[in-house]
Amino acid sequence: MAEKFDNLEEHLEKFEENIRQLGIIVSDFQPSSQAVLNQKLNFMISGLQDIEKCRQQLHEINVPLEVFEYIDQGRNPQLYTKECLERALARNEQVKGKIDTMTKFKSLLISELSKVFPEEMSKYKAIRSEDAPS
């Protein structure tokens with residue numbers, strides 16, 4: 001898989017360099033540079049074809065739209081991954097806290113119900129122990 005990305009990266013870098021050179025030629029255009037301009041335009045077309053071939057190899061990869069928003073804002077897209085992980089960890093801590101609270105509530109409830117309804121709770125505990133996996 002990494003080879004496919006390396007291939008795409010190589011084609012994109014060539015395309016970017018070709019566009020940079022094309023910009024230089026166009027910004028200082030002289031009639032004598034028409035042949036070079038045509039050659040660069042042809043390189044640009046073949047570069048786009050190469051990128052299209054790479055795209056077909058990577059069609060199954062989905063990138064979240066938020067990553068593109070990070071890039072548009074001039075931010076590092078790796079920050080998106082970092083922030084997603086931080087949010088997941090924070091959410092995990094919240095859920096863990098809720099689970100701990102519910103576990104404590106359950107044990108307290110069983111304790112209090114055992115004081116008020118001792119016979120019913122002993123039957124309940126007997127049923128629960130039968131259902132528990134061995």
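User: Let's start with Glu17. Which side chain does Glu17 meet in a salt bridge?
Analyst: The partner is Arg20, with 2.5 Å from N to O. Keep in mind that this is a predicted model, so every number here is computed from predicted coordinates.

User: Got it. Where do Glu17 and Arg20 lie?
Analyst: Both lie in helix α1, which covers residues 2-27. Glu17 and Arg20 are three residues apart, about one turn of the helix.

User: And is Glu17 buried, exposed or partly exposed?
Analyst: Glu17 has 31% relative accessibility, so Glu17 counts as partly exposed. Arg20 falls in the partly exposed class too, because its relative accessibility is 45%.

User: How many salt bridges are there in the count?
Analyst: The count comes to seven salt bridges. One of them joins Arg55 and Glu52, whose closest N and O atoms are 2.7 Å apart. Arg55 and Glu52 sit three residues apart in helix α2 (residues 34-57), so about one helical turn separates them. Glu52 is partly exposed, at 32% relative accessibility.

User: What about Lys82, which residue does Lys82 form a salt bridge with?
Analyst: That would be Glu86, with the closest N and O atoms 3.9 Å apart. The cut-off for a salt bridge is within 4 Å, so the pair counts.

User: How many residues apart are Lys82 and Glu86?
Analyst: Four residues, within helix α4 (residues 77-116), which means about one helical turn lies between them. Lys82 is partly exposed at 47% relative accessibility, and Glu86 is partly exposed at 42%.

User: While we're in that helix, what can you tell me about Thr81?
Analyst: Thr81 is in helix α4 and is partly exposed, with a relative accessible area of 47%. The C-alpha atoms of Thr81 and Gly47 are separated by 30 Å. Along the chain, Thr81 and Gly47 are 34 residues apart.

User: New topic: rings! How many aromatic pairs are in the count?
Analyst: The count gives one aromatic pair. The rings belong to Tyr70 and Tyr80, with centres 5.7 Å apart and planes at 80°, so the pair is edge-to-face.

User: Why edge-to-face?
Analyst: Because the planes are at 80°, and the cut-off for edge-to-face is over 60 degrees.

User: Which helices do Tyr70 and Tyr80 lie in?
Analyst: Tyr70 lies in helix α3 and Tyr80 in helix α4, so the pair ties together parts that are 10 residues apart in sequence.

User: Are those two tyrosines buried or exposed?
Analyst: Tyr70 is buried, with a relative accessible area of 9%. Tyr80 is buried as well, at 15%; the cut-off for buried is under 20%.

User: Last topic: what volume does the largest pocket have?
Analyst: Its volume is about 230 Å³. The lining is made of Phe5, Leu58, Ile61, Val63, Val67, Phe68 and Ile71.

User: What classes of residue are those?
Analyst: By class, the lining has seven nonpolar residues, with no polar and no charged ones.

User: Which helix gives the most to that lining?
Analyst: Helix α3 (residues 65-72) does, with three residues.

Technical notes: Residues are numbered from 1 along each chain as its sequence is written. This is a predicted model: local features need pLDDT of at least 70, side-chain atom pairs count only at pLDDT 80 or more; totals for chains, interfaces and linings use all residues. Side-chain values use heavy atoms; hydrogens and water are left out. On a 1 Å grid over the protein atoms alone, a cavity is a set of points where a 1.4 Å probe fits but cannot get out, and a pocket is an open set with protein on both sides within 12 Å along at least five of seven lines; lining residues have an atom within 4 Å of a point. Grid points are joined across faces, edges and corners, and a volume is the space filled by probe spheres set on the points. Helices (H or I, at least four residues) and strands (E, at least two) are DSSP runs, numbered from the N terminus. Ala, Val, Leu, Ile, Met, Phe, Trp, Tyr, Cys and Pro count as nonpolar, Asp, Glu, Lys and Arg as charged, and the others, Gly among them, as polar. Buried means under 20% relative accessible area, exposed over 50%, partly exposed in between (1.4 Å probe, protein chains only). Rings of Phe, Tyr and Trp (its six-membered ring) pair if their centres lie within 6.5 Å; planes under 30 degrees apart count as stacked, over 60 as edge-to-face and the rest as tilted.
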